[in-house]
Amino acid sequence: MTKHEVSRESFSRRIWRKTWQGWGVKLGFAWIAVLGFAGVFAPFLANSMPLLMRKDGVISAPVLDYLTKEDVLVLAMFALLVILAGVSWSAGKRLLVFIAGTLLATLLINALLTPPSVVIYDQFRSAAYTQVEWRVMPPIEYTPQDYLRDFGDTGLEEPLEATERTHWMGTEENGADVLSRMIHASRIALSIGLIATGISLVIGVILGGLMGYFSGVIDMLGMRLVEIFESIPTLFLLLTFVAFFGRSLYMMMIIIGVTSWSGYARYIRAEFLKLRKQDYVQAAVAGGLPLSSILFRHMLPNGVAPLLVGVSFGVASAILAEATLSFLGLGLVDAPSWGQMLNQAVKSSLFNWWMAVFPGGAIFLTVFAYNLIGEAFRDAIDPQLSRNAGVNG
Amino acid sequence: MLTYLLRRVLLMIPTLLGITLVVFSVMVLSPGGISAQTLVEGSDMKPQEKQALMAYYNQRYGLDQPAPIQYLRWLNNVSPIGFTQDAEGDYNGFSFTKGMDLGTSFMYGRPVGEILAERIPITLLLNAVTIPLIYLVAIIVGVKAAQDRGGRFDVFSNVSMLALWSMPTMLAGVLLLGFFANVQHFQWFPTAGISSRAAQDMPFLPHFLNGVFVSGFLLDRVWHLVLPVICLSYAGFAGLAKLTRTSVLENLHADYARTARAKGLAEPDVLWRHVFRNSLLPLITVSAGLLPSLLAGSLIVENIFSINGMGQLAVEAVKGRDRELVLSITWISGFLTLIGYLIADFCYTLADPRVSYD
């Protein structure tokens, strides 16, 4: 007689375990970890100034003097994440503390930090910084905005073409180091993916939840809204938004978020339509609980797991959207971006292969990684589907 | 069925209105908005000329009036039924036959309808070539993968299809253009446009003229389309092949398939006459979503390969803040998308007699 076993494993833990089984998802997470590392420590990985140097007996760290507010904020958020990972609090509490900590850090940094407004990168190659007792340089000795004007005409050089300087991935049209720009661009790509998807998730869940819960007229009106946003090609709507609203990173995050919520809304609506007549929901209504509690406390957790799949694919498409906009010349002006670099691959009738292969490869790998993760989540959450697809044998 | 179609078409009207309303509000809410001031550029213009041009725009499009009135004016011009205007811009009557007027492009100084009539066929041609190709490849790969479930072909196609699906169109476009059309590498395909200048005077079919091969209009066109169509189609068939595989697998092990085999039907007959027909449904559902993604894809592909289609026009229009063009293009692409959904629902009933919409 077989012993009946009761699994004490929680739902989220089981999903996580099943997701983690394949090798594809591990590769995906590994690549994203690499990007995260590059994004967080970008100023220490690629910079024109020494990390540490000793001159006239004084040890100084020029990198720290030139850190921007953004750099410090990213570092602070990373530190906060590391600390919170070690504390055994509930997920909700951690999230709250993280948001509060980030806000506090933003305020403190804005009040206390005053980085130099103009940085002349050529000066880091002058005697003041080179004739020292010893110094430690970052692995890539160029800032993304370091256009190497002191070296003359350096635009669009092939990798390792120059003899007196090392550019592992060549230079772009203004003479800046491509690898350095790529490292700094990973920050933009990651943050745009996560924040834009977060925004669209919030909009989609609220609208979809209300539509599914109330049905009737609200559902009918909501579905028209969903249909409107679905039938304008997202990319086109984005173009219009960006062209008419100007180009700032935060604007782009909001815009990508605002234009891509319809899928989540559709999904949550369908789920809530199924749930609304269930006994526990009826009990919550009869108990006189407020609407937000019924929707988000009682109904949402029962329909949220499959959203993970949508979120993974959503992050991939948000990154793609930013890259596409930058590629079409509607992205950020001076900030490094993969799409904008890819755009330079076929400029001036010459084919600059390194501008296509490296930034394009980075976009491809990131999108691929998120898609792999999304697939793994789907297989873990929907065993029926994955069995049909022959994944679990 | 007819009533259903009619209801769907009527429901399209509020959606189309909503689309234009969304785009219009974006333009109005933007810093600067749409005013005659933002449209009149050029510091080399004399003040009087500038003033005159602004006055002209204001009079023609009512740009000095509040946004809702501007929108209603635009809507009245576009809708086939509405109020008619006389030469001074005053409304003098209501007509059911006044026809649609999409306005004049600020940028090109030509009627929008005329510009679109040139550009839309090119984009439609690109998509019309792409869609059958997508289905052909997806069905072949998907069915083969399903038959070979768990085998080498299955695993290989699964991973490569996901990789292809993740490949950004612009990267594929740039690489194809760089390696197969550029002088530095293989110069096999043309770099830009959809036909060469010389092809305009050529006869339609390829032939030999005095012993010299003349490619003819058709072959020249095909030659120009190869790279753009590859770029447009690969992502589509990658996604669809996975879907075909799942759907065929589901049906291969269904009871009716077993019955068919038990009756002694040959395996290809089971597969193509029974299983495949039933696996078509999800493929049809997806076809509706294919059109918007293809329109968005044309946006990139047309830019990379310098094809004068609607996608390129769209980018130019938003960059130039050309209100009439932007509104018309969104409106038409939204319309095409909705038509796509409608056709998909209609095909649904053809493929599965159980589905009815009454």
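Predicted model: local features only at pLDDT ≥ 70, side-chain atom pairs only at ≥ 80, totals over all residues.
1. Start with polar contacts between the two chains: across the interface of chain A and chain B there are 4 residue pairs in polar contact, both residues at pLDDT 80 or more. A polar contact here is a pair of N or O atoms within 3.5 Å; within protein, one must be able to donate a hydrogen and the other to accept it, and residues adjacent in sequence count only if both atoms are side-chain atoms.

2. Residues are numbered from 1 along each chain as its sequence is written, chains are lettered from A and ligands numbered from 1 in the order in which they are written, and side-chain values use heavy atoms, leaving out hydrogens and water.

3. How many salt bridges link chain A and chain B? The count is 1: E375(A) and K242(B) pair up through their side chains at 3.3 Å, N to O. (The rule asks for a side-chain nitrogen of Lys or Arg within 4 Å of a carboxyl oxygen of Asp or Glu.)

4. Now the whole interface. Chain A brings 48 residues to the contact and chain B brings 54 residues, with contact meaning heavy atoms within 4.5 Å. About 4,400 Å² is buried between them, and carbon and sulfur atoms give 78% of that. Buried area is the accessible area (1.4 Å probe) that two parts lose on being put together, summed over both. F236(A), F244(A) and F351(A) supply 18% of what chain A buries against chain B, more than any other three residues.

5. Have a look at S333(B), which sits in helix α12 (residues 323-351) of chain B. Is S333(B) buried or exposed? S333(B) is buried, because its relative accessible area is 4% and buried means under 20%, with exposed over 50% and partly exposed in between (1.4 Å probe, protein chains only). Its side chain reaches the backbone oxygen of T330(B) at 3.1 Å. Leaving aside neighbours within four places in sequence, S333(B) is in contact with S231(A), P233(A), L295(B) and M310(B).

6. For contrast, find F204(B) in the loop between α7 (169-180) and β3 (207-209) of chain B. F204(B) counts as partly exposed, because its relative accessibility is 49%.

Methods
Helix = DSSP H or I, 4+ residues; strand = E, 2+ residues; numbered from the N terminus.
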